[in-house]
Amino acid sequence: MIIKPSTALRNDYGSISDLAHKEDMPIYITKNGEGDLVIMSIDAFERREEVLKLRAKLAAAEQSRLSGQPAVSIEESRKRLEEIYGQNV
């Protein structure tokens, strides 16, 4: 975990930006010794958003499975994809 004071962000934005890109993880910014903000590179943010979307889809699929809704086997999925794309998947 990377923690920096708000003065570092205000006084040396370039270094904080470089650190966010280099470490590729969130940087926690404090104000008066208390947590205030979290910053990260756009690439890291977008990857995080994609992971969250995927987790939501997986949770919805699991909920459907648990509720007894019909499921599609891997082979059925493969056949459907082959029909759509016209090639072996």
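The model is predicted: local features need pLDDT of at least 70, side-chain atom pairs count only at pLDDT 80 or more, and totals for chains, interfaces and linings use all residues. Residues are numbered from 1 along each chain as its sequence is written, and side-chain values use heavy atoms, with hydrogens and water left out. Helices (H or I, at least four residues) and strands (E, at least two) are DSSP runs, numbered from the N terminus.

**The sheet**

- Three strands form an open sheet in the order E1-E2-E3, with mixed pairing.
- E1 and E3 are the edge strands, each pairing on one side only.
- From one strand to the next, the twist averages 35°.
- Strands pair if DSSP finds at least two bridges between them.
- Strands of a sheet pair through backbone hydrogen bonds, either parallel or antiparallel.

**Strand pairs**

- E1 (residues 2-5) and E2 (residues 27-31) are parallel, with 4 bridges.
- In this pair, Ile 2 stands opposite Ile 27 of E2.
- E2 and E3 (residues 34-39) run antiparallel, joined by 5 bridges.
- Lys 31 has Glu 34 in E3 as its bridge partner.
- The hairpin of E2 and E3 has 2 residues between the strands, and Asn 32 there takes a positive phi near 55°.

**Helix H2**

- H2 (residues 13-23) lies across E1, E2 and E3 and runs at about 175° to E1.
- Axes are lines fitted to C-alpha atoms, for helices over the stretch in contact, and angles run from 0 to 180 degrees between N-to-C directions.
- Just after H2, Asp 24 takes a positive phi of about 55°.

- Ile 16, Ser 17, Leu 19 and Ala 20 are the buried residues of H2.
- Seen down the axis of H2, these residues fall within an arc of 160° (taken from the directions from the helix axis to the C-beta atoms), so they line one face of the helix.
- The buried residues pack against E1, helix H1 (6-11), E2 and E3; contact means heavy atoms within 4.5 Å.
- Asp 18 and Lys 22, on the other side of H2, are exposed.
- Buried means under 20% relative accessible area, exposed over 50%, and partly exposed in between (1.4 Å probe, protein chains only).
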